[in-house]
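Work through the exercises below with the sequence and the 3D view side by side. Try each task before reading its solution.

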Amino acid sequence: MNKLSKNTKKINILLDGKEVEAQEGENIVELAKRHGIDIPVLCYYEGMGECLGTCRVCTIRWKRHHVSACTLKAEEGMDLTIETEDLKDLRKALIELLFVEGNHFCPSCEKSGDCDLQHLGLKLEMTVPRFHYRFNNRSINFDADKILFEHNRCILCKRCTHKFEDDNGERVFAFKGKGSNLSVEMNIERANGLSEELVDQVVELCPVGAILKKGKGFDRPIGKRKYDE
Ligand code: SF4
């Protein structure tokens, strides 16, 4: 969480031409939210601290450049453009790219209704992607005792590789390969050593249905999931 501290310098910045008060160094996604502007995010989540800005869905404009809001910190005199038609379309295009790059069959996915990618598809009014589906041939890793890893759904956001550790402080997930062969690999021994609580945590951490708990299907019925309205 972007806690507001009394000791941090107060500054003024412009969000879509409107002057707002900010704290120097404040995360722009959190700052905008505080002022009623909801910037779409996918690799970023509230309270994550430093974000790597991998998905770029939170792209905004600053000094004529496209920048990710989740990695940007408030500075005196900033003038940020957030809600324009071209920026909305850019974000929508990024979501469409993620859909065509993976194999996302929402109606049969255990994360349906709780999935951040699905939610953004709806929020940004995605219908048919403007890009061709790639139909990549990806596998499902069943090797761990408690976790199932669905490569078809992984959007390579890096939440699990950078923000999740086992009880010994060791990473359980890591990136392997390059370019279109990039994937997340799971250390089976470490995954098998995870407590039920940590398994639940990493399932929750994954924004899509790529990391799932074995032996568990739809946790909550339709109407009671995160994005059900
Ligand atoms: S498994 Fe989930 S959390 Fe990890 S990189 Fe893929 S989408 Fe992100």
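The model is a predicted one, in which local features need pLDDT of at least 70 and side-chain atom pairs count only at pLDDT 80 or more, while totals for chains, interfaces and linings use all residues. Residues are numbered from 1 along each chain as its sequence is written.

**Exercise 1. Describe the overall build of the protein.**

Step 1. Start with the secondary structure: the protein has 6 helices and 10 strands. Helices (H or I, at least four residues) and strands (E, at least two) are DSSP runs, numbered from the N terminus.

Step 2. Compare the radius of gyration with the globule rule. The radius is taken over C-alpha atoms, and the rule is 2.2 Å times the number of residues to the power 0.38. The protein has 19 Å, close to the 17 Å that the rule gives for 229 residues, so it is as compact as a globular protein of that length.

Step 3. Look at burial. A residue is buried if 20 or more other C-beta atoms lie within 10 Å of its own, exposed if 12 or fewer, and partly exposed in between, with C-beta atoms placed from the backbone. Of the 229 residues, 31% count as buried.

**Exercise 2. State how the protein is divided and describe the contact between the parts.**

Step 1. An automatic or database domain assignment sets the bounds. The parts are domain 1 (10-83) and domain 2 (105-213).

Step 2. The C-alpha centres of the two domains lie 26 Å apart. Domain 1 gives 8 residues to the contact and domain 2 gives 12 residues. Residues are in contact if their C-beta atoms, placed from the backbone, lie within 7 Å.

Step 3. Sort the domain 1 side by class: 7 residues are nonpolar, 1 is polar and none is charged. Ala, Val, Leu, Ile, Met, Phe, Trp, Tyr, Cys and Pro count as nonpolar, Asp, Glu, Lys and Arg as charged, and the others, Gly among them, as polar.

**Exercise 3. Is Cys55 buried or exposed? Give its place and its contacts.**

Step 1. Cys55 lies in the loop between α1 (28-34) and β3 (59-62).

Step 2. Cys55 has 29 C-beta neighbours inside 10 Å and therefore counts as buried.

Step 3. Leaving aside neighbours within four places in sequence, Cys55 is in contact with Leu42, Cys43, Leu94 and Cys157. Cys55 and Ile155 are 100 residues apart in sequence, yet their C-alpha atoms are 8.5 Å apart in space.

**Exercise 4. Which residues come nearest to the ligand?**

Step 1. A residue is near a molecule if its C-beta atom, placed from the backbone, lies within 6 Å of it. There are 15 residues around the ligand, and Cys154, Cys157, Cys160, Cys206 and Ala210 come nearest.

Step 2. By class, the shell has 13 nonpolar, no polar and 2 charged residues.

Terms used
Two residues are in contact if their C-beta atoms, placed from the backbone, lie within 7 Å.
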